[in-house]
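The stops below go through charged pairs and then aromatic rings.

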Amino acid sequence: MSRIALAAAHGRAAILTPDGELLTLSAAEASKRLAEAGPPLLVHGPATFRRLGLRPGPAFDLLELFAFVLPARSVPPTAGGLADALGLARSRSLEAEAALLPDIEAALLARLRAAKDVPANAQAAGIAARMGRGGWRWAPAVAEALGAAPATGDGFRVWRRLPLWDEGAPPPPPAQHPVPPEAARARLSAILGPDAEQRPSQADYAHAVSTAFAPREAAGDPRLVLAEAGTGTGKTLGYIAPASLWAERNGAPVWISTFTKHLQRQIEGELTRLHTDPAERRRRVVIRKGRENYLCLLNFEDAVGTALAGNGAGVIPLGLLARWAEASADGDLVGGDLPGWFGELFGAGIPGRLADRRGECLHGACTHHRRCFVEHTIRRARTAELVIANHALVMAQAAWGGLDGETVPTRYVFDEGHQLFEAADSAFSAEISGIEGAELRRWLLGTEGGASRARGLKRRIDDIVVGEAALEAPLEALLLAARILPGGAAGQAGPFGAFLASVAEQVRARSPKGDDPSAASLEADLYPASEGLVAAAAALGRGLARIAEPLAVLIARLEAKLEADADLLDEAGRTRIEASLRGLRHRVRDPVSAWRAMLDAVAAPVPEPGQRPDHVHILRLERREAGEDASYCRHFLDPTLPFALTLARPAHGLLVTSATLRDSSEDGAEADWEAAEARTGAAHLPSRAYRAAVPSPFDYAAQTRCFVVSDVGPDIAALAGAYRALFLAVGGGGLGLFTAIARLRAVAARIAEPLEAAGIRLLAQHVDAMDNATLVDIFRHEENACLLGTDAMRDGVDVPGRSLRLVVFERTPWPRPDILHRERRLHLSGGAPRAYDERVARLRLRQAFGRLIRRGNDRGVFVLLDRRVPTRLLSAFPPGVEVQRVGLAAAIEGARTFLAEPPG
């Protein structure tokens, strides 16, 4: 080995020298050695250098080599993760990790050497040679393994080698055969197999939720089941059993929706039990996301052309992406088979720039349309039995009457159903801001100077309208009117900029923090609107009307063309016009209509105190280093109302399920069910929902301990000391949850070095150069690591076993006391605003506690570092769990003793 191998912890490093000497150095000593030795061999350069307090520098990163040798395969970005993937023994110390790195390098190159003649590697040598001209340090080693090849760009042109999709006939409407409860039980038993652990509660759950798959009795009145399944029930397979049966019997897909893209992949993983053959599973199961998640081949072609024209380092990530694209199952850049750490190595913006993030797709006019990853996925979803989506996509589909020409589903499963309220709030809100206005201008006008290649509307549909005066005239008028939008040479000038300036002025005047220059985020009520804001809103409204008028004409005439030329248009031409109409409606008409309604509301009469509004209007001001960003936001007071009207009522059956669907208040079970119905939209449907609750099979009284610490104050020093002592006491395996990012970062900075000095790796959301999924993968993979995170970690971490044996919550997770929450607690609480606040906090505590026990032999400790937590919130914890209010020393000893005891 001619270079050093480097493994780093916070503030210290282990180095294996070329002559085999192992050194343990401080960060300063390691920095000096690196300056003398040249690029080191390491895993995850950005994270390694950050732990040493250094800026990222040149390195032989084994993750890059792994991505080249084994494309479209994800792995935790650690030496241990790579070792497991390659069948090597894992390291147990920092020094052993440094010593392991050359073995990982040798194993990867041996894999490549052994597979050099397989078809998937036909272009590999040429890609590596061209990457070498761009400075890729692994190029000589790869050339030695594969053999020399000319450094051409042919291997990068993956769009030439991807398969074509075939168009099929439109699917017929589904049949209406029900799923009897006994059949759901039998399907579940078949999925699990004869040797599976028997879970009676799982079979009971499958029995209960089969009601959602019965035929509905009246239009607008779906079969709705609200089902709470305690942690450990086996909820996912419990609903997959009746859902898969219904899809098979009725010839149509069931759409399964969850809150995050990461959870989509978790559900897909469970489906290996249903369809063990990968080819069969690919035919029957499809993950569906928005276009912005997939590699756009036209964007990739443009990027490749630019990179190959020079000899810069930009060719390196594109070479790895070419390898990935040819091996990828579906071209999913976000949460798919592109490793989450790819953007961490080369910049998070690289995958984003290669997707269609701005709705600029050319559809049938694109030269890669027949090979497009998105189009492949759309066609697979039409004939699939189970489509795994996310709440945001499903709600957009319902609001728009379908995505990409797809038929709107009739059967849904909403997993993580406790998140429906928040998902609907995001989906059905509207915002007037400089960012939103600039995005719309860019979509309409394209790039106005600079190096970006964003395509404007004229370029995208020019071949449709050219030579037809009836279409050219409204298009030109629309594009001329769009120049009032911010961006381009105008910047924030004009009526749009003047309106946002008036918004900022009112926020500074009305916000309680308006005189505090250190306040980063301010907000104020719209009413009563200042005279200047009313006048600015009227001026902007007139400008938007000049956009809306030619837009309406253009849409109407394109619709007329579609009808009049039905006999003349080929499939590609018809698809182009339909796609153009969808873009004009969803990207322009819908936001402009919402903005005009919001601007009209500025001059509306001031509501009376206590009057229940349909919408909550809020003015916001964000202060950043680059300047101030003002916005005007409109939220539905109850966002489950548009959810019920656009999605639930047209559906035939819905299952809404979660481990934390209900509260556990002092008001009783009926009140808790009614609150769940209110937060899921069930209260807006004609018939009452069918309710089902299956308790957790876990013995929480025996498997857990719960402490509320009474002597730790809110200051950062005390908080950090408590986290450090608790994590050290149990030897890691701790998840630290925070309600504020600033507090998380401050604690992480104080505890990282003492933990890592004890051999406990600290991972931190908002600190480490990794995305959330990567952090969780490492945490799951390393038994004694600790992870700090905010609400995304509270709701989305599934880590069974000893890797998660302690959860520490920094304080009671009360709802944020902002204007939106003020209005909702006033009008949606049934006259009990305090109970509304407590319900939110209890549900968050239940979610946090639910991270602790994920399987029958898990044991764990939950600690809340908030002596002010009211006793009435402690009903959030499962029955049988004794909550002990103790000092920190007693909590530390209790956690240490309990986790040291053998399971009994």
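Start by selecting R370 and D166: they form a salt bridge, with 3.9 Å between the closest N and O atoms. This is a predicted model. R370 belongs to the loop between helix 16 (349-353) and helix 17 (373-383), and D166 to the loop between helix 7 (139-146) and helix 8 (181-192), so the contact ties together parts 204 residues apart in sequence. R370 is partly exposed at 36% relative accessibility, whereas D166 is exposed at 64%.

R370 lies over the face of W165, 4.8 Å from the ring centre. For another charge over a ring, select R323 and F68: the charged end of R323 sits 4.6 Å from the centre of the F68 ring.

Next, select E228 and R846. Their salt bridge has its closest N and O atoms 3.6 Å apart. E228 is in strand 6 (residues 223-229) and R846 in helix 34 (residues 833-850), so this pair ties together parts that are 618 residues apart in sequence. Both residues fall under the 20% cut-off for buried: E228 has a relative accessible area of 7% and R846 one of 18%.

Go on to E468 and K561, a salt bridge with 2.7 Å between the closest N and O atoms. E468 sits in the loop between helix 21 (457-465) and helix 22 (469-481), while K561 is part of helix 24 (residues 531-564), so the parts tied together are 93 residues apart in sequence. E468 is partly exposed, at 30%; K561 is buried, at 14%.

Now turn to the rings, where the count is 15 aromatic pairs. Select F342 and F346: the ring centres are 5.1 Å apart and the planes at 45°, so the pair is tilted. Both residues lie in helix 15 (residues 342-346), four residues apart, or about one turn of the helix. F342 is buried, with 2% relative accessibility.

Then select F698 and Y700, an edge-to-face pair with 6.0 Å from centre to centre and 85° between the planes. F698 is buried at 12% relative accessibility, and Y700 is buried at 9%.

Key
Residues are numbered from 1 along each chain as its sequence is written. This is a predicted model: local features need pLDDT of at least 70, side-chain atom pairs count only at pLDDT 80 or more; totals for chains, interfaces and linings use all residues. Side-chain values use heavy atoms; hydrogens and water are left out. Rings of Phe, Tyr and Trp (its six-membered ring) pair if their centres lie within 6.5 Å; planes under 30 degrees apart count as stacked, over 60 as edge-to-face and the rest as tilted. Helices (H or I, at least four residues) and strands (E, at least two) are DSSP runs, numbered from the N terminus. Buried means under 20% relative accessible area, exposed over 50%, partly exposed in between (1.4 Å probe, protein chains only). A charge sits over a ring if NZ of Lys or CZ of Arg is within 6 Å of the ring centre and within 35 degrees of the ring normal. A salt bridge is a side-chain nitrogen of Lys or Arg within 4 Å of a carboxyl oxygen of Asp or Glu.
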